[in-house]
Amino acid sequence: MKFLTEYRDPELAQSYLEEIRKTVTRSWTIMEVCGGQTHSIVKNGLLGLLPDEITMVHGPGCPVCVTPLHLIDKAVYLAEEKNVILCSFGDMLRVPGSERSLLQAKAKGADVRILYSPLEAVKLAKENPDREVVFFAVGFETTAPANALSVLHAQRAGLTNYSILASHVLVPPAMEAVLADDENVIQGFLAAGHVCTIMGIDAYYPIAEKYQIPIVVTGFEPVDLLQGILMTVRQLERNQYELENQYKRVVRPEGNLAAQKAIEQVFQIADREWRGIGTIPQSGYEVRPELAAFDANKKFSVNIHHAQECAACIAGQVLKGLKKPFECSQFGKACTPSTPLGAPMVSSEGACAAYFHYQEA
């Protein structure tokens, strides 16, 4: 199978591991930004194969994990109190709100549906003209084009009963927020390859230059990750700080221009709250004012107060790479995938879920 089995080749992986061992002379801390990369690293046992000098920490790149608590509460409220057909991806349904999750709301009778595409929600709106349909649009730059297209399709179809509850966040501002943190320990980044597939790589040059830190755009298979780590370690050992692209078979420097155009038609950049981290300036997308009819935040008058996070959950520190999941006193005890205290334990891209399922603790 082209571009899959070769990136899981044990012999090729071993050769990169040997090269990393030959190259490293000092201790380095590297963050993989995306939760998908975290799961691949833990699932494939790479943490135990890397030399002791290399510490991998996990980043904020899990969109479900960073969706603010009050937005989950708002989605639950719309489903329960406004007779809305509330749709989202499966991951989002099990994330705890301040009182309950969307799945628990569904169990109480709310019309909450799992979909695989926002375009399915548009179809649902066409089929149910007497009901409001809201798609809980969560994600990074990767899912923004499809959510934008759903709004454009609904507009062209003349639908007045479709809207999105947008919780889109952007990766480069989050990386800068991690680096600006007083407790930051990150010395190199593996940047999320799929985000760069959409947005290109230009946004990362100024970050590498400003913070003098190597950034390597990396894929998700074991060989991708090991090659990305090797490229990062080589830069660190040479005292370089450049942007490199390991994922050239997928990522073009300019990204996907058609996807970017769809995003620009529907969204504008705004400040955004990240669960467990706080508000990061200019780090999210909101629906443009001229498309307010498709913005559930504006369409429905909902006054949801900000709720307190669970005091025992250290998700914010995990998302900033300051703590490992197993350093949480509740990990695997009060907090499990079936009884999550925080989103990283329940999301398929959450670092806590990766450690729990693959028993790296």
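The crossing of helix H2 and helix H16 is right-handed, a crossing being right-handed if the near helix is turned clockwise from the far one by less than a right angle and left-handed if anticlockwise. The axes of H2 (residues 35-43) and H16 (residues 351-358) come within 9 Å and cross at roughly 20 degrees, where axes are lines fitted to C-alpha atoms, for helices over the stretch in contact, and angles run from 0 to 180 degrees between N-to-C directions. H2 is therefore roughly parallel to H16, since angles under 35 degrees count as roughly parallel, over 145 as roughly antiparallel, 65 to 115 as roughly perpendicular and the rest as oblique. Thr38, His39, Val42 and Lys43 of H2 meet Ala351, Ala353, Ala354, Tyr355 and Tyr358 of H16, contact meaning heavy atoms within 4.5 Å. These residues divide into 6 nonpolar, 2 polar and 1 charged, with Ala, Val, Leu, Ile, Met, Phe, Trp, Tyr, Cys and Pro counted as nonpolar, Asp, Glu, Lys and Arg as charged, and the others, Gly among them, as polar.

The model is predicted, so that local features need pLDDT of at least 70 and side-chain atom pairs count only at pLDDT 80 or more, whereas totals for chains, interfaces and linings use all residues. Residues are numbered from 1 along each chain as its sequence is written, and side-chain values use heavy atoms, with hydrogens and water left out. Helices (H or I, at least four residues) and strands (E, at least two) are DSSP runs, numbered from the N terminus.

Within H16, the buried residues are Ala351, Cys352, Ala353, Ala354 and Tyr355, buried meaning under 20% relative accessible area, exposed over 50%, and partly exposed in between (1.4 Å probe, protein chains only). The elements that cover them include H2, helix H3 (46-49), strand S2 and helix H15 (315-319). Histidine 58 lies in S2, which spans residues 54-61, and is buried because its relative accessible area is 2%. Its side chain is joined to that of glutamate 32 by a polar contact of 2.3 Å, that is, a pair of N or O atoms within 3.5 Å of which, within protein, one must be able to donate a hydrogen and the other to accept it, residues adjacent in sequence counting only if both atoms are side-chain atoms. Beyond the neighbours within four places in sequence, the contacts of histidine 58 include Thr38, Ala351 and Tyr355.

Helix H1 (residues 10-23) contains proline 10, which counts as exposed because its relative accessibility is 64%. The C-alpha atom of proline 10 is separated by 8.4 Å from that of valine 223, although the two residues are 213 residues apart along the chain. H1 packs with helix H12 (residues 222-237) at an angle of about 15 degrees, with their axes 9 Å apart, and is therefore roughly parallel to H12. H1 passes H12 in a left-handed crossing, in which the contact residues include Leu12, Tyr16 and Glu19 of H1 and Val223, Leu230 and Arg234 of H12.

Helix H8 (residues 144-156) and helix H13 (residues 257-266) pack at about 55 degrees, with their axes 8 Å apart, and are therefore oblique to each other. Their contact residues divide into 10 nonpolar, 1 polar and no charged. In helix H9 (residues 171-180), 7 of the 10 residues are buried, so H9 is largely enclosed by the rest of the structure.
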